[in-house]
Amino acid sequence: MATPGLDPLFRLRQSIAANDPPFTSTSSDPTSASDATENLATATHLQFNNPQHSYSLDTPTRFLSSDKAVDLRSIWFAWQKKDVAIPDYIASAQQLNEEFAAADSASKVQNLVFVERLDLITWLEGASEESEYIKGLEGDASATRSAQVASGAAGGVSTIPSSAAGARTGKTIDPRLQEIYNGERRMGDRNSVLRGIKPTDFSHVRKLAETFLSRSRPAKAHPATNTNAHPSSSTQNSNLVSLPKQPKNHPSRRPDPIILLSPSASSLLRLSNIKSFLSDGVYTPPHTSTTAANILHVSRLLPGIDAHRPLRFILVDTPEQFKPDYWNRVVAVFTTGQTWQFKGYKWQHPPDLFKEVLGVYVGWRGEDVPPAVRGWGRGVVSAAVEKWSPGQGPQGRWRDREVVEGIWGRIEEWMRGKGWGKEGGMMTR
């Protein structure tokens, strides 16, 4: 059974949290500075500190891609490229694999798809406690052993061979008694019996139960006053609320709300400047930043949703990598009024879209809101920022904070109206 202290994936997460990242080397026991290298084409090991330990980069990890273990080299490469765009990540992986091929090396970097890479980075950063692509630390050997005991294939009470019985008693065992022994089923303990014939992962039941619990809490806080209600409905509600809660030391992963931006070149807010705007309350033109990331994260405390834990928002400018359930987490769409932006959306007709999510239009102060945006109704909130002047600096952009607070206020109001709470938002749309 793997233990957290020896698991390379767990060690990597710990070192990142402690701000003491490992380094790659050309030796399992580096003795000089020349052994350390940043070139993955020549590196063979990943060295950790506190305590010191070395792992081969070919070591398979608990992270699974297409039901196959991903090696430590690919995990470390994905972490190094966490802030680059997907095309750059793919190009870097291809270039590294070409270097391996030129050196006649059997090593290879596995290219993780967008969803796998996002899930891995989120888990390594400590933003989530579990991942659907990471196999648990519980070893498969114990589960298989218990299953064999339950099915009678191993363990439990063994049959008594006739020769052994004869050695103890000094005479041959009765054939009828031997027949009974041969038909006896081997027994196990209650844990092995409950596992069934094959090991089964029931972790999804915990997530499903948490979803129902979060939906039932408002009804529990405001009980119905109708005393003539059918007894069966009361029994059903009681059974629903009594589902086991997840232990406090293992909190469930709250789904991160998603904000979609406009990919238009004429948009005042793009991925290159949206983080400074929403986090710092300062507007800067998109061309003044060199950020090439295609996904960003912004944390914001919304007291009306959760007064103790900030919500972590995901910012993207295209839904092309969305899974179907991701649309349930979209809370706002920044738009310029150009309808081609909604091609590929779940709701491509603007009036339908802004019935489901909050629309946000940001333009220059003193300029008119486009007629198309005004025609989309109350589902779109308009905001205006002062025009940019190169000599202003952050001190000259003090009005931006007021605009940003107003946008966050509307997003919080919309999320509360749609049922978002401490444990997440709506299940389906």
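The report below describes a predicted model, beginning with a sheet and the helix beside that sheet, and then turning to pairs of charged side chains.

Three strands, arranged in the order 1-2-3, make up an open sheet whose pairing is antiparallel. At the edges lie strand 1 (23-25) and strand 3 (53-56), each of which pairs on one side only. From one strand to the next, the twist averages 35°.

Strand 2, which covers residues 45-48, is joined to strand 3 by four bridges, and these two strands run antiparallel. Within this pairing, Leu46 is found opposite Tyr55 of strand 3. Helix 1, made up of residues 8-17, packs on the sheet and touches both strand 2 and strand 3, while the direction of helix 1 makes about 50° with that of strand 2.

## Salt bridges across the chain

When the whole structure is searched, 16 salt bridges are found. One of the pairs is formed by Arg312 and Glu125, whose side chains meet at 3.4 Å, taken from N to O. Arg312 counts as buried because its relative accessibility is 14%, under the 20% cut-off, whereas Glu125, at 38%, counts as partly exposed. Both residues also belong to a network of salt bridges that links Glu125, Asp256 and Arg312.

Another salt bridge is formed by Lys323 and Glu132, with the closest N and O atoms 3.6 Å apart. Here too distant parts of the chain are linked: Lys323 is in the loop between strand 8 and strand 9 (330-335), Glu132 is in the loop between helix 4 and helix 5, and the two are 191 residues apart. Lys323 counts as partly exposed at 25% relative accessibility, while Glu132, at 54%, counts as exposed.

## A pair between two loops

The side chains of Arg365 and Glu386 also meet in a salt bridge, at 2.7 Å from N to O. Arg365 is in the loop between strand 10 (358-364) and helix 13 (371-374), and Glu386 is in the loop between strand 11 (380-385) and helix 14 (398-417), so that the pair, 21 residues apart, links distant parts of the chain. Arg365 has a relative accessible area of 37% and is partly exposed, and Glu386, with a relative accessible area of 24%, is partly exposed as well.

Note on methods: Residues numbered from 1 in each chain as written. Predicted model: local features only at pLDDT ≥ 70, side-chain atom pairs only at ≥ 80, totals over all residues. Heavy atoms only, no water. Pairing = 2+ DSSP bridges. Axes fitted to C-alpha atoms, helices over the stretch in contact; angles between N-to-C directions. Contact = heavy atoms within 4.5 Å. Salt bridge = Lys/Arg side-chain N within 4 Å of Asp/Glu carboxyl O. Buried < 20%, exposed > 50% of the residue type's maximum accessible area, 1.4 Å probe, protein only.
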